[in-house]
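The sequence and the structure come first.

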Amino acid sequence: MQVCISSIFMESQDVSKCILNAADSIGLTKTPRFKVTVGEQVDWLKKTQESFHPVEVTKGLWIVPEWITPPDVQAKNIIINPGLAFGTGDHPTTKLCLLLLHDSIKGGELFLDYGTGSGILAIAAVKFGAALSSGIDIEPQAITSARYNAALNNIGPKKMELYLASDKPGPNLSHENDQSANGIGIISGTKYDVVIANILLNPLLDLAEHIVSYAKPGAIVGLSGILSNQLPYIMKRYSQLLENISVNHMDDWACLSGKKKINRTTS
């Protein structure tokens, strides 16, 4: 089986050296064969925008790029500019989490989006009726993107809070509006009615206790960003923390959800 990869380089870059470094990084002993062609000048912003289209997640719920008129103005439209953060609404894990959120938010809940990316889930929670939506991410660009997208949807900081987290397990978080000398803040011990983490397998395993600690006893916890064949690892890890576990699939991806065990002695 042959695998072909296309990549774009600036004219000033040494293509041979870049490919050699890439091959070395994955353990290849020989440099792959490659061909260099000079492309025409392209408006990359326009080309990138053309690759995004409105996504109907379920009846009455759309994810719409900010430069496109919503197909259904009467629907719940989440307007986004994905920027550099994950979360265009088109990925199966995002859709699975949105469907879980749609079923979980009845009105007045506190919601935590653990790994907020472009802020789609946090924004959706407010549109579904959550009293407060909080988003955490380790990437500053994600916080910038989520804040911009919240503004596109006329959602202010009183309804949607954003926190920049350390990339190490622990409670230290920097609030988007924190102007203190060390820039460190805490979510102030808030416990949430619904917590969703749409990240990756290894962080879900490593941070299991930390993720679930934000949930109230009996709260809904949703986990995604995992392939269906990775489910056994998540089930084994989270069955200690959650009960009434259920799983939904879309394509080759999965979303696991359950309720935080009430009788756990740790929070």
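In what order do the 3 strands of the open sheet stand, and what is the sense of their pairing? The order is β1-β2-β3, and the pairing is mixed. The model is a predicted one, in which local features need pLDDT of at least 70, side-chain atom pairs count only at pLDDT 80 or more, and totals for chains, interfaces and linings use all residues. Residues are numbered from 1 along each chain as its sequence is written, and side-chain values use heavy atoms, with hydrogens and water left out.

**Overall make-up**

- The protein has 8 helices and 11 strands; these are DSSP runs numbered from the N terminus, helices being H or I of at least four residues and strands E of at least two.
- Of its 267 residues, 40% are buried, where buried means under 20% relative accessible area, exposed means over 50%, and partly exposed lies in between (1.4 Å probe, protein chains only).
- Among contacts with a separation of 6 or more, 55% link residues 24 or more positions apart; a contact means heavy atoms within 4.5 Å.

- β2 and β3 run parallel and are joined by 5 bridges; Trp62 has Asn77 in β3 as its bridge partner.
- Helix α3 lies across β1, β2 and β3, at about 45 degrees to β1, while α4 lies across β2 and β3, at about 150 degrees to β3.
- For these angles, axes are lines fitted to C-alpha atoms (for helices over the stretch in contact), and values run from 0 to 180 degrees between N-to-C directions.

**The β5-β6 pair**

- Strands β5 (residues 132-137) and β6 (residues 160-165) pair in parallel over 5 bridges.
- From β5 the chain passes through helix α5 (residues 140-152) to β6, a right-handed β-α-β crossover; right-handed means that, with the strands pointing away from the viewer, the path from the first strand over the helix to the second runs clockwise.
- Ser134 stands opposite Glu161 in β6.

**Nonpolar cores**

- The largest nonpolar core has 31 residues, and Ile63, Ile78, Leu98, Leu101, Met160 and Ile196 have the most contacts inside it; such a core is a set of buried Ala, Val, Leu, Ile, Met, Phe, Trp, Tyr and Cys residues joined through side-chain atoms within 4.5 Å.
- Elements giving two or more residues to this core include β1 (55-58), α3 (92-104), α4 (120-128) and β8 (192-198); α4 gives the largest share, 8 residues.
- Another core, apart from this one, has 28 residues, among them Leu201, Val212, Ile234 and Leu256.
- Leaving aside neighbours within four places in sequence, Ile196 contacts residues including Cys97, Phe111, Tyr114 and Gly222.

**Positive phi**

- Most residues other than glycine have a negative phi.
- Asn244, not a glycine, has a positive phi of about 55 degrees; Asn244 lies in strand β10 (residues 242-250) and is exposed at 61% relative accessibility.
- Asp251 also has a positive phi, near 55 degrees; Asp251 sits in the loop between β10 and β11 (253-260) and is exposed, with a relative accessible area of 65%.

Notes
Two strands pair if DSSP finds at least two bridges between them.
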